[in-house]
Amino acid sequence: MGLSDSPGGVGLNPRIVSRAQAAYLGVALGDALGATVEFMTPGEIRRQHGVHREMRGGGWLGLKVGQVTDDTAMSLALGKAILANGGRVEPLACAQAFDAWMRSKPIDIGNTVRRNLVAFRRSGNPVAAPSEHDAGNGAAMRVLPAALATLERPEFEVMSAVCAQAHVTHNNPSSDAACAFLAFTVQDFVHGESLRAVYRHRVAPFVAAHPEFAFRRRRRVNPSGWIVETMQVVMQSLLDTDSFEDCVVDAANRGGDADTTAAIAGMLAGALYGLDSLPVRWLVALDPHVRRECGEQASALLACADTSASSCARRPV
Ligand code: MN
Ligand code: MN
């Protein structure tokens with residue numbers, strides 16, 4: 001779908017659309033690259049691949065080249081639900097979308113996601129019980145559609161969208177803090193802000209307010225699924241590189257939950273460096289259905305976010 005046939009897109013700035021598409025494709029590219037080395041250590045990656053920087057599939061899931069996993073699949077499920085819901089991010093629609101995705105027998109699914117979706121099936125309540133243990137990265141990895149759907153909205157609406165999608169499976173203060181930070185940060189980059197500016201008014205205050213996310217004490221390798229370790233990798237990879245490819249490669253080669261760290265790093269780096277920065281050889285290798293969906297959803301979600309848009313509801317997606 002081009003901009004011209006997007007009914008709500010009259011007022012959309014094409015540079016904003018292209019950075020949003022790069023963020024969405026960044027999630028998928030990071031996921032597909034990182035999944036090959038998920039749960040490996042940096043040493044194992046080095047021995048097997050040298051520096052892992054090509055789409056090669058495989059990994060513990062036995063993936064095809066360019067195949068994505070739950071990180072991208074849940075994002076696309078969420079984005080589709082938001083679009084079908086007229087751009088609104090509401091708990092029940094999110095829970096139903098994630099539940100339908102789980103029923104499709106995905107190749108991978110996080111433990112917290114599975115447990116709380118099973119609880120939703122039993123109770124019909126789309127909001128998971130608050131839990132200090134549910135501090136995994138499973139809500140943060142799929143935050144992008146909520147961030148794009150609320151791009152031009154007031155802060156409280158962004159927060160409410162972020163929590164609506166997150167709390168279906170992760171109702172936890174650390175997860176919430178990371179989800180909100182990632183949503184506002186990717187919005188800043190989509191708006192064209194520089195890394196330096198975003199560091200000053202977003203990253204530094206975030207770490208000051210949430211000291212558990214401090215990321216400069218040591219180089220984080222082998223990140224677990226704990227959102228704190230995920231965010232430490234993401235911030236180190238983003239701040240210590242100066243291109244999309246180097247950022248995503250840096251995150252993936254630290255191993256551990258590599259598909260998820262690389263997906264989140266890819267989201268931010270995609271929005272920061274833009275569509276032209278995405279390696280063409282990676283885009284060519286990426287699952288073509290996913291590639292198309294990411295681009296289409298990004299522009300359609302922005303059309304919803306555009307306050308002048310009135311025709312988002314009931315649009316086919
Ligand atoms: Mn995954
Ligand atoms: Mn993962």
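Are Glu229 and Arg220 buried or exposed? Both residues are buried, where buried means under 20% relative accessible area, exposed over 50% and partly exposed in between, with a 1.4 Å probe and protein chains only.

## About the model

This is a predicted model, in which local features need pLDDT of at least 70, side-chain atom pairs count only at pLDDT 80 or more, and totals for chains, interfaces and linings use all residues. Residues are numbered from 1 along each chain as its sequence is written, chains are lettered from A and ligands numbered from 1 in the order in which they are written, and side-chain values use heavy atoms, with hydrogens and water left out.

## Salt bridges

Back to our opening pair: the side chains of Glu229 and Arg220 form a salt bridge at 3.7 Å, N to O. The term stands for a side-chain nitrogen of Lys or Arg within 4 Å of a carboxyl oxygen of Asp or Glu. Through shared partners, salt bridges also link Arg53, Glu54, Glu245, Asp246 and Arg281 into one network. The whole structure holds 14 salt bridges.

Two further pairs have a different setting. Arg88 meets Glu90 at 3.6 Å, N to O; Arg88 is partly exposed at 45% relative accessibility, and Glu90 is partly exposed at 35%. Glu157 meets Arg153 at 3.4 Å, N to O, with Glu157 partly exposed at 28% and Arg153 partly exposed at 27%.

## The manganese site

Donors are N, O and S atoms within 2.8 Å of the metal (3.2 Å for Na, K and Ca); water is not among the atoms, so sites may look incomplete. Asp259 bridges this ion and the manganese ion (ligand 1), and the two ions lie 3.6 Å apart.

Glu38 sits in the loop between helix 1 (14-35) and helix 2 (42-49), and Asp257 in the loop between helix 11 (244-252) and helix 12, so the pair ties together parts 219 residues apart in sequence. Helices here are DSSP runs of H or I, at least four residues, numbered from the N terminus. Both Glu38 and Asp257 are buried.

## The largest pocket

Asp257 turns up again here: among the 25 lining residues of the largest pocket, those closest to its centre are Gly110, Asn111, Asn137, Gly225 and Asp257. The lining divides into seven nonpolar, twelve polar and six charged residues. Helix 5 supplies the largest share, three residues.

Definitions and conventions:
On a 1 Å grid over the protein atoms alone, a cavity is a set of points where a 1.4 Å probe fits but cannot get out, and a pocket is an open set with protein on both sides within 12 Å along at least five of seven lines; lining residues have an atom within 4 Å of a point. Helices (H or I, at least four residues) and strands (E, at least two) are DSSP runs, numbered from the N terminus. Ala, Val, Leu, Ile, Met, Phe, Trp, Tyr, Cys and Pro count as nonpolar, Asp, Glu, Lys and Arg as charged, and the others, Gly among them, as polar.
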